Amino acid sequence: MDRITAAEVFVAIVERGSMIAAAEALEMSRAMVTRYLAEMEQWAGARLLHRTTRKLSLTHAGETTLERCRRMLEFAQDMDVIEGQGSDELRGLLRISCSQSLGQSALVIAVTDYLRRYPQVAVDLQINNRAVNLVEERIDLALRITNELDPNLIARPLSTCHSVVCASPAYLSAKGIPKTPYDLAVHNCLTYSYFGKSLWHFDLQGEKSAVAVSGNLSANESVVLLSGALEGAGITLQPSYSAAPYIARGDLVSLLPGYQPQAMGIYGIYTSRRQMPATLRTMLDFLVEWFATNPHWLNPAFLAL
């Protein structure tokens, strides 16, 4: 981890009197502040703070470390750091984590456009469907589709993900076509893997409903469920950007017209707003622009389903 940032975090904790206050002052997640403090104590080989429910106080090792951190920050402030901003000068490696569905349908196209603008930057896409630990796995940016953001995370809104309920013609011919969301209770619905019931949320002219669905096939990646639906395994709730091409070809049928599945936010997650590398800053700015203007993402088929 960056020792300059760790020193800044430690000084902020001491001066502000708590890790929560330090996180707010540094515009950093509480989890990151805790991790930086743990790293500082590991580097020092000793506990730096006495922690009680009422206050924090320095240990002897903490007092020595605080003085060293302040000297380190003074030295860092005296250094002139010149960071190139032009497309020919911007360089470095960005590690980005993303789900398979968003990665192959949109992000790889956006990243390719970004690399044309900044040819000296390299991007390593890490494709998975779990919430990665950005620090431990050295991820600079994670894209997540959710309506339940962890308040400890630093997140920038990028776009909105619309969804569609769909199934293959073969499945519908054999099992019938649901007319309302509540009809889904008697259908084989392909669900995401997690504990508890799967709830699909809908909006009909401002009236919201949530329906518990179940089935005999679940997975932790929507691309797998999409493949299952194409094979006639059941009904699936898919991001519109994934299902639209198959619906346009007739391989899948869009269901429940008038009922709008709950939209979800697409966010860029990163560790801190402080000392943000130019590559990460330009990528975030680029993605906001790309999602707002790119014809591929704004394909009417994505939005009309």
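Leaving aside its neighbours within four places in sequence, with which residues is Thr236 in contact? In this predicted model, Thr236 is in contact with Val164, Val165, Cys166, Leu190, Trp200, Leu225 and Ala229, where contact means heavy atoms within 4.5 Å. Residues are numbered from 1 along each chain as its sequence is written, and side-chain values use heavy atoms, with hydrogens and water left out. The model being predicted, local features need pLDDT of at least 70 and side-chain atom pairs count only at pLDDT 80 or more, whereas totals for chains, interfaces and linings use all residues.

Thr236 lies in strand 12, which spans residues 235-239; helices (H or I, at least four residues) and strands (E, at least two) are DSSP runs numbered from the N terminus. The relative accessible area of Thr236 is 0%, and the residue is therefore buried, a term that denotes under 20% relative accessible area, with exposed meaning over 50% and partly exposed lying in between (1.4 Å probe, protein chains only). A polar contact of 3.0 Å links the side chain of Thr236 to the side chain of Gln238; such a contact is a pair of N or O atoms within 3.5 Å, of which, within protein, one must be able to donate a hydrogen and the other to accept it, and residues adjacent in sequence count only if both atoms are side-chain atoms.

Strand 12 pairs with strand 7 in the antiparallel sense over four bridges, pairing being assigned if DSSP finds at least two bridges between two strands, and Leu237 of strand 12 is the bridge partner of Val165. Strand 7 (residues 163-167) has five of its five residues buried, with Ser163, Val165 and Ala167 on one side and Val164 and Cys166 on the other. Strand 7 is also joined by two bridges to strand 13 (residues 253-254), again in the antiparallel sense, and here Cys166 has Ser254 as its bridge partner.

As regards confidence, the chain averages a pLDDT of 87, and 91% of the residues score at least 70, pLDDT being the predictor's confidence in each residue, from 0 to 100. Where pLDDT is low, the predicted coordinates should not be read in detail.
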